[in-house]
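User: Please take me through this protein by question and answer, and give the cut-offs behind each term when it comes up.

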Amino acid sequence: MKFGYKFSNLLGTIYRNGNLVFTPDGNSVISPVGNRITLYDLKNNKSRTLSLESRYNYTNIALSPDGSLLIAINEKGNAQLISMVSCTVIHRHKFQTGVQCVNFSPDGSYFAVARENLVLIFSAPGEITGEYNPFVLRRSFLGGYDDITWLDWSSDSKLLAIGCRDSSTKICAVKYTRNFRTYNLSGHTDAIVSCFFEANSLHINTVSRNGQLCLWECSMEPSDLLEADGTEAVPPQRKRKPISKQNGSDAENESEDDVENDVEKTAVEGDVNEVKDESVKKTHPFFYKKLGRHYLANEPRKEKRDALLTAANYNRQTKILVVAFSTGAFYLYELPDVNMIHSLSISDYPISTALFNCTGDWVALASREIGQLLVWEWQSEQYIMKQQGHSSEMTCIAYSPDGQYIATGGEDSKVKLWNTQSSFCFVTFSEHTSGVTAVQFSRNKKFLVSSSLDGTVRAFDIIRYRNFRTFTSPTPAQFACVAVDYSGELVVAGGQDIFEIFLWSIKTGKLLEVISGHEGPVTSVAFSPVSTSSTLISGSWDKTVKIWNCLESNSEHETIDALSDVTCVTFSPSGEEVAVATLAGNITIFDVKTATQVTTIEGRADLGSGRLETDVVTAKKNAQSNYFSTIEYSADGECVLAAGKSANICIYHVREAILLKKFQITQNYSLDGLNEFISRKHLSEFGNMALVEQREELEGGNVAIRLPGVRKGDMSSRRFQPEVRVFFVRFSPTGQAFAAAGTEGLCIYALDKGVVFDPFDLSLEVTPKATHEALKKLEYTKALVMALKLNEPNLVTLVLERVPHRDIELLCGDLSPDFAQRLLQHLSRLLQSSPHIEFYLQWCCCLLTSHGYHDGVFQQTALLGLHESISRKYEMLNKICDYNKYTIRVLLDRAEKQKELQELSGVNADAENEDSDDDMILIRSRDDEHLKREFNDESEEDTDDMAEESDSS
């Protein structure tokens with residue numbers, strides 16, 4: 001088994017905090033998700049998360065006009081310059097404090113950063129400016145008396161509008177301009193939310209938090225501005241003191257970033273465009289005149305009196321303004337007449353950010369409170385994308401048998417289904433009324449079951465998306481685990497407050513048996529994965545593991561003493577062994593038939609642990625009480641994947657009982673529990689400041705230290721940090737990936753497809769050159785065997801496509817079982833991307849026909865991978881065939897109508913419309929009627945035949 005797993009994608013977290021950015025083509029939206037960045041491709045309906053991450057949550061992102069550079073700044077002021085071509089970090093920069101906003105100029109020459117009430121203008125690196133040193137400071141000046149809330153550039157990138165929290169807007173110039181003066185716009189009674197220049201104009205629109213919109217008209221056009229002769233105004237360099245002998249060593253160690261930060265600390269330069277003479281101000285040609293003030297909050301305040309404007313955006317080309325409010329509603333206005341043209345309420349929570357794409361057709365809206373992101377096409381009034389993650393923590397996951405879908409359950413009582421190919425959620429079940437504790441798919445992939453603390457186990461139809469069965473116990477019980485047998489006819493759930501196991505029938509929905517025997521909460525149950533066995537295993541807090549036979553009428557069982565509280569149990573793929581995780585931090589492997597212990601894995605030291613802010617014990621003491629809360633066998637049964645209350649995921653070899661690899665799922669220090677030591681800046685004469693929380697008497701007085709064993713902190717605290725932990729891990733049935741549900745969401749780790757030479761049974765005469773020579777001599781079997789030994793995908797593909805289709809069956813019969821297994825793995829990968837579908841399907845059919853009747857030739861992972869590839873191709877071809885079928889029907893109907901019109905008018909259509917483009921769409925023949933009749937009669941049969949052929953292959 002290979003262990004080159006790397007982070008691949010992040011599911012379940014759609015949006016966390018910060019602003020959104022559309023790509024220049026307007027077809028993709030970039031969203032910050034915690035300390036990672038996700039790109040949603042709206043055209044192809046896919047999403048991907050960049051593998052890079054920050055040490056804290058991102059709060060501001062900005063994309064260059066050409067889409068090649070992305071600036072991402074986290075909550076601590078650490079900026080990263082990211083190349084969107086290579087998806088890597090080019091440069092890092094540290095600002096002194098957090099950043100409110102960042103914005104690129106339209107021509108790509110500059111980007112402006114707002115820090116507190118200070119504006120810093122940097123030269124953007126690239127071919128446009130000829131500057132390749134990142135974060136080169138060009139200008140810095142004060143924006144206002146309070147923090148800056150918004151930055152906007154004029155169309156010519158000469159002027160910058162700065163909106164402040166002190167309800168003022170300042171217009172500044174990057175370069176010294178003769179007939180321009182720095183101008184302050186005042187007239188709002190609340191903080192500025194956004195301000196926007198008009199296209200190719202200096203007119204500006206400002207929006208405040210209380211819903212006031214002010215329209216300002218400038219006395220000059222952009223072409224009237226006259227730049228002064230000479231270079232740009234640069235900040236004056238501060239005279240540095242001579243270096244003394246005492247601090248000479250410190251000066252030598254000064255880094256480049258320290259010099260840049262030193263510039264940020266200096267006094268802000270005087271604005272060369274600012275006019276202070278009152279007499280000159282009155283006669284100056286540059287001024288603004290207020291055209292009008294409009295109150296946009298009147299509409300939402302009809303429903304809620306204290307509604308506030310939370311986000312706004314303006315599209316200069318279409319002159320449409322979108323404003324979003326704390327009520328969850330947004331409105332579209334057409335400027336300059338301020339006519340409301342559209343309104344919609346998307347939720348009951350405040351909308352955090354709103355953004356138009358370049359054409360103004362789509363508007364992206366996001367809500368921080370519920371983690372929702374949607375893209376709305378306002379003209380056709382339909383959703384382009386609507387995604388929402390779990391509003392609280394994700395507690396359980398399950399892969400579908402073919403690995404195409406992932407089901408997740410959360411504490412928000414919802415069950416969601418995610419497509420692993422597109423990374424989008426396509427259905428949400430909200431029938432549960434309390435937290436979901438476990439989910440599992442049936443073997444036939446037709447339904448899934450979920451258990452909940454609301455006392456029900458529900459079965460959901462995946463095809464029709466409905467809850468078709470609800471199982472309950474005779475006495476109300478909270479269910480902590482659930483399992484489905486191999487046949488899909490039985491479902492079992494273990495009680496958390498009632499120490500019994502309940503067995504139901506899926507078909508009838510009746511309770512078949514109540515299995516008693518445990519003396520503590522049943523934490524985990526699992527059915528044998530073998531079709532001929534009905535063995536059920538259960539683990540409990542009574543320090544025992546029990547093996548049951550569900551087909552027996554009585555409650556006969558065999559008990560295994562685990563010596564500690566059991567947290568999780570799982571079967572091996574062969575069904576012969578079972579792994580048990582206990583509260584002692586160990587993983588014990590038992591033989592099911594003999595109930596004897598095979599091996600024990602000591603994993604407490606590998607799991608590790610951090611120190612929470614409110615902990616009164618050290619991280620070393622925490623690690624001594626840590627344990628694995630979730631375990632899972634790999635697809636081949638050789639390894640065990642385990643995780644718990646830490647940021648680490650461990651992979652152990654079962655037979656050798658050794659640690660093979662350890663993954664750290666996050667480096668986000670915005671989460672609690674990653675640090676091993678408490679920072680000295682949080683310590684005072686009173687001790688740890690995190691334990692000192694000032695509250696009034698009516699608010700509960702002093703906060704007590706939480707009791708040992710409490711899983712979560714006080715969520716009502718004013719300063720609450722989520723704790724890092726892994727709730728659930730699952731391997732993909734194909735073995736190519738595994739999923740981990742943690743605090744940040746659902747992390748997918750896939751095998752790295754990098755350049756790795758991994759040969760099989762290699763000898764000196766097996767070389768790429770010898771393979772090409774064998775192909776020239778038409779020795780296809782020899783060439784294919786050598787390519788499989790080298791294990792080079794490109795070489796294997798070349799040999800396969802050189803083989804004539806009539807010789808495929810002969811070659812498959814000549815291959816040995818070892819090479820047949822490896823060839824099937826290559827074929828399953830090629831089917832995902834190759835356009836030669838029928839050719840590779842013929843390879844698969846011949847290979848399965850030649851070797852399928854032998855036992856143990858093909859592994860289950862290879863067959864599942866092939867099934868997954870064929871299912872994806874079938875879905876893709878099904879959409880194409882449906883589209884072509886309806887297109888042909890439209891064309892035939894149009895031809896029929898044109899023919900009737902021509903007969904009624906009596907005009908020769910060929911002579912009159914000789915150059916008509918409409919007639920060139922369809923080339924008519926004498927058999928149009930016959931084609932139409934034949935297509936309508938046989939189209940549905942062809943679709944069904946294609947589906948049967950795809951399923952059989």
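**Overall make-up**

The protein has 14 helices and 58 strands, where helices (H or I, at least four residues) and strands (E, at least two) are DSSP runs numbered from the N terminus. This is a predicted model, in which local features need pLDDT of at least 70 and side-chain atom pairs count only at pLDDT 80 or more, while totals for chains, interfaces and linings use all residues. Residues are numbered from 1 along each chain as its sequence is written, and side-chain values use heavy atoms, with hydrogens and water left out.

User: What percentage of the residues in the protein is buried?

Analyst: Buried means under 20% relative accessible area, exposed means over 50%, and partly exposed lies in between, with a 1.4 Å probe and protein chains only. Of the 953 residues in the protein, the buried share is 52%.

User: How many disulfides does the structure hold?

Analyst: A disulfide is counted when a pair of cysteine sulfur atoms lies within 2.5 Å. Among the cysteines, C358 is partly exposed because its relative accessibility is 38%, whereas C396 counts as buried because its value is 1%. The number of disulfides in the structure is zero.

User: Which residue is the bridge partner of C568 in strand 47?

Analyst: Strand 46 and strand 47 (residues 577–582) run antiparallel and are joined by five bridges. Within strand 47, the residue that bridges to C568 is A581.

User: Which residue takes a positive phi in the hairpin of strand 28 and strand 29?

Analyst: Strand 28 (residues 372–377) pairs with strand 29 (residues 382–388) in the antiparallel sense over six bridges, and L374 stands opposite K386. The hairpin has four residues between its strands, and the residue with a positive phi, near 55°, is E381.

User: Which residue in the turn between strand 32 and strand 33 has a positive phi?

Analyst: Strand 32 (residues 415–419) runs antiparallel to strand 33 (residues 425–429), with four bridges joining them, and the bridge partner of L417 in strand 33 is V427. These strands form a hairpin with five residues between them, and the turn residue with a positive phi of about 65° is S423.

User: Is L778 buried or exposed?

Analyst: L778 lies in the loop between helix 6 (768–776) and helix 7, and has a positive phi of about 65° although it is not a glycine. Because its relative accessibility is 56%, L778 counts as exposed.

Key
Pairing = 2+ DSSP bridges.
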